[in-house]
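Start with the contacts along the chain, then turn to the core and the ligand shell.

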Amino acid sequence: MPSRWMAHSSFSSDHFIGVDLLGVARAILGGAKIMSTCKNKVLTLVFVLRPGEVLLGYKKRGFAQGWWNGFGGKVEAGETIEEGAKRELHEESGLSVSNELDHVGVLMFEFVNDPVLLEVHVYRTYSYTGTPIETEEMKPQWFKHQDIPYKDMWPDDKLWYSLMLNGKYFNGNFKFEGLTNLLEYEINEITK
Ligand SMILES: Nc1nc2c([nH]c(=O)n2[C@H]2C[C@H](O)[C@@H](COP(=O)(O)OP(=O)(O)OP(=O)(O)O)O2)c(=O)[nH]1
């Protein structure tokens, strides 16, 4: 395990967020090392915003069923990551985005006993057309920032949502055992 990772037993206030370019460089180097031995699965995650609120979808089936999340999924062959993000947003919420999405972060997830790393590209946008609709996969709902249902979400989300909601740029590394036990993590805010 890379020594730069921090071990934590709770998610209270002891998490590590460094505005530290050296740390970012180390994270990139660490990522490159991991990438040479593992295959990454590239995924997208899109947050649609309006003042003071974020649109989340209740996952009705599949991976992370029963949790609230942004919209996204696997990037398909022949599309850019951003094209994949817009496609998944449309498929899962009915919303369309014609402008560029704001790429705010990359989150790397490692799962114990699984060689595949998840590389999740996080986007946000205030600009969209359409009305959110319930789809086969997601049931959308607007949440005020103070009402975000963290207890029914991925355990890492409470650690980086404030950065995303506040328009900060960040990257993160997370090591999970199963889907609910977050063993170690590191989050870096990036100054652009
Ligand atoms: N908020 C949050 N999202 C995560 C985490 N880990 C993780 O994979 N995701 C996101 C990335 C993707 O948007 C989504 C997983 O994608 P998916 O498996 O549903 O992909 P998909 O829609 O292409 O899958 P499928 O329906 O075709 O099976 O979950 C996490 O820890 N927090």
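Residues 24 or more positions apart make up 67% of the contacts in the protein chain with a separation of 6 or more. Two residues are in contact if their C-beta atoms, placed from the backbone, lie within 7 Å. This is a predicted model: local features need pLDDT of at least 70, side-chain atom pairs count only at pLDDT 80 or more, and totals for chains, interfaces and linings use all residues. Numbering starts from 1 along each chain as its sequence is written.

The protein chain has three helices and ten strands. These are DSSP runs, numbered from the N terminus: helices are H or I with at least four residues, strands E with at least two. From the N terminus, the order is β-β-α-β-β-β-α-β-β-β-α-β-β.

Of the 192 residues, 29% are buried (20 or more other C-beta atoms within 10 Å of a residue's own, placed from the backbone). The largest nonpolar core holds 36 residues. Such a core is a set of buried Ala, Val, Leu, Ile, Met, Phe, Trp, Tyr and Cys residues joined through C-beta atoms within 7 Å. V46, L107, F109 and V122 have the most contacts inside this core. Elements giving two or more residues to it include β3 (40-50), β6 (102-111), β7 (114-125) and α2 (81-93). Beyond its neighbours within four places in sequence, L107 touches V120, V122, G172 and F174 in contacts of this kind.

Now the ligand. Around it are 17 residues, of which F63, G72, G73, K74 and W154 come nearest (C-beta atom, placed from the backbone, within 6 Å of the ligand). β3 gives the most to this shell, three residues.

Technical notes
A residue is buried if 20 or more other C-beta atoms lie within 10 Å of its own, exposed if 12 or fewer, and partly exposed in between; C-beta atoms are placed from the backbone.
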